[in-house]
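User: Please go through the structure shown below with me, giving the cut-offs behind each term as we come to it.

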Amino acid sequence: RRKFSPFVPPAPLFSMSEKSFSSSTAPAISPSMFPSQKEAQQYVGESAKTNAENLTKCGDLACQHDSFLQILSSAKIMSYASFEFEEKTVGKKKQKKKGKNSNHAPAGEAAADENTAKKYSPIVYAITLSDSVFFPEGGGQFADHGTLTLKSKDGEDTEHKIQLFVQDAQNVNEICVLFCRLPSDSESSPEDVTKILDNSDDVQVEQTLDWERRFDQMTQHSGQHLCSAVALSNFEIGTHSFSLG
């Protein structure tokens, strides 16, 4: 069951090649690599707070001021960490969440599909930005999906561009944390991603929302509130549960 909120923001997953990364392609453990999602998201959340004056907290994000905003290019990378994605066995009984910020597998929808999971590198990048076009899961609304395009130039003024798939967004202690993965058909490697993130001061970030998915969910969410209001005012029938899909 999901709790409802009056805020109604939040498309099909992007088509990717079936080629997949093998676990052997994962880079060696580095200061930015953590053994679990819990530790990675805790690190990026605390790191982002050290530059709090430039950080937009959940509740004041760009997506929460404009539900129809689809692209945001003004945000900067605040912090990042990475960890290796753990595939969940399909068909097993779902585990109950232990709290608002439970350590569930990022990209819950993608994680449940073994074929989809193979379309991305096993490395997950937990990234915090100064602002976000992606709505973090909450208030009965699923997290947004989309793409994060990282652009930088080298000493010879040659532009380098890496595109990551944003498969989850979570509110971690009022900090919006994006969970991103490199598509398996990308010409870039996990090492390339780490290199560009390590030099984030010179990186231009373009956030592109999966609008079809967002619009579908926000209209369902709005429609539910309308139906609930009519049922309550006309028939004194309360809403006990609701699911998107």
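User: How are Lys 49 and Glu 46 separated in helix α1, in helical turns?

Analyst: This is a predicted model, in which local features need pLDDT of at least 70 and side-chain atom pairs count only at pLDDT 80 or more, whereas totals for chains, interfaces and linings use all residues. Residues are numbered from 1 along each chain as its sequence is written, and side-chain values use heavy atoms, with hydrogens and water left out. The side chains of Lys 49 and Glu 46 form a salt bridge at 4.0 Å, N to O (a side-chain nitrogen of Lys or Arg within 4 Å of a carboxyl oxygen of Asp or Glu). Because the two residues are 3 apart in helix α1, residues 37–49 (helices being DSSP runs of H or I with at least four residues, strands runs of E with at least two, both numbered from the N terminus), their separation is about one helical turn.

User: Are Lys 49 and Glu 46 buried or exposed, or something in between?

Analyst: Buried means under 20% relative accessible area and exposed over 50%, with partly exposed in between, using a 1.4 Å probe and protein chains only. Lys 49 has a relative accessible area of 33% and Glu 46 has one of 45%, so each of them counts as partly exposed.

User: How many salt bridges are counted?

Analyst: Side chains of opposite charge can pair when their charged atoms come close. Besides the pair in helix α1, Glu 174 and Lys 57 meet at 3.8 Å, N to O, and this pair links distant parts of the chain, with Glu 174 in the loop between β6 and β7 and Lys 57 in the loop between α1 and α2. Arg 214 also forms a salt bridge, with Asp 144 as its partner, and the count comes to 3.

User: Which parts does the pair of Arg 214 and Asp 144 tie together, and how many residues apart are they in sequence?

Analyst: The closest N and O atoms of Arg 214 and Asp 144 are 2.6 Å apart. Arg 214 is buried, at a relative accessible area of 0%, and Asp 144 is buried as well, at 1%. Because Arg 214 lies in helix α6 and Asp 144 in the loop between β4 and β5, the pair ties together parts whose distance in sequence is 70 residues.

User: Why does the aromatic pair of Phe 34 and Tyr 43 get its class, and which class is it?

Analyst: The search of the whole structure finds 5 aromatic pairs, a pair being rings of Phe, Tyr or Trp (its six-membered ring) with centres within 6.5 Å, counted as stacked for planes under 30 degrees apart, edge-to-face for over 60 and tilted for the rest. Phe 34 is buried, with a relative accessible area of 17%, whereas Tyr 43 is partly exposed at 37%. Their ring centres lie 5.0 Å apart and their planes stand at 35°, so the pair is tilted.

User: Which residues do ring pairs link into a cluster?

Analyst: Trp 211 and Phe 215 form a tilted pair, 5.6 Å centre to centre and with 40° between the planes. Being 4 residues apart in helix α6, residues 211–235, these two are separated by about one helical turn, and Phe 215 is partly exposed, with a relative accessible area of 39%. The ring pairs link into a cluster Phe 68, Trp 211 and Phe 215.

User: Which element supplies the largest share of the lining of the second largest pocket?

Analyst: The second largest pocket has a volume of about 290 Å³, and its lining divides into 3 nonpolar, 4 polar and 5 charged residues, among them Lys 153, His 160 and Asp 192. Elements that each supply at least two lining residues are β5 (146–153), β6 (159–172) and α5 (190–198). The largest share, 3 residues, comes from α5.

User: What separation do the C-alpha atoms of Glu 206 and Ala 75 have?

Analyst: Glu 206 lies in strand β8, residues 204–209, and counts as partly exposed at 23% relative accessibility. Although Glu 206 and Ala 75 are 131 residues apart along the chain, their C-alpha atoms are separated by 7.9 Å.

Technical notes:
On a 1 Å grid over the protein atoms alone, a cavity is a set of points where a 1.4 Å probe fits but cannot get out, and a pocket is an open set with protein on both sides within 12 Å along at least five of seven lines; lining residues have an atom within 4 Å of a point. Grid points are joined across faces, edges and corners, and a volume is the space filled by probe spheres set on the points. Ala, Val, Leu, Ile, Met, Phe, Trp, Tyr, Cys and Pro count as nonpolar, Asp, Glu, Lys and Arg as charged, and the others, Gly among them, as polar.
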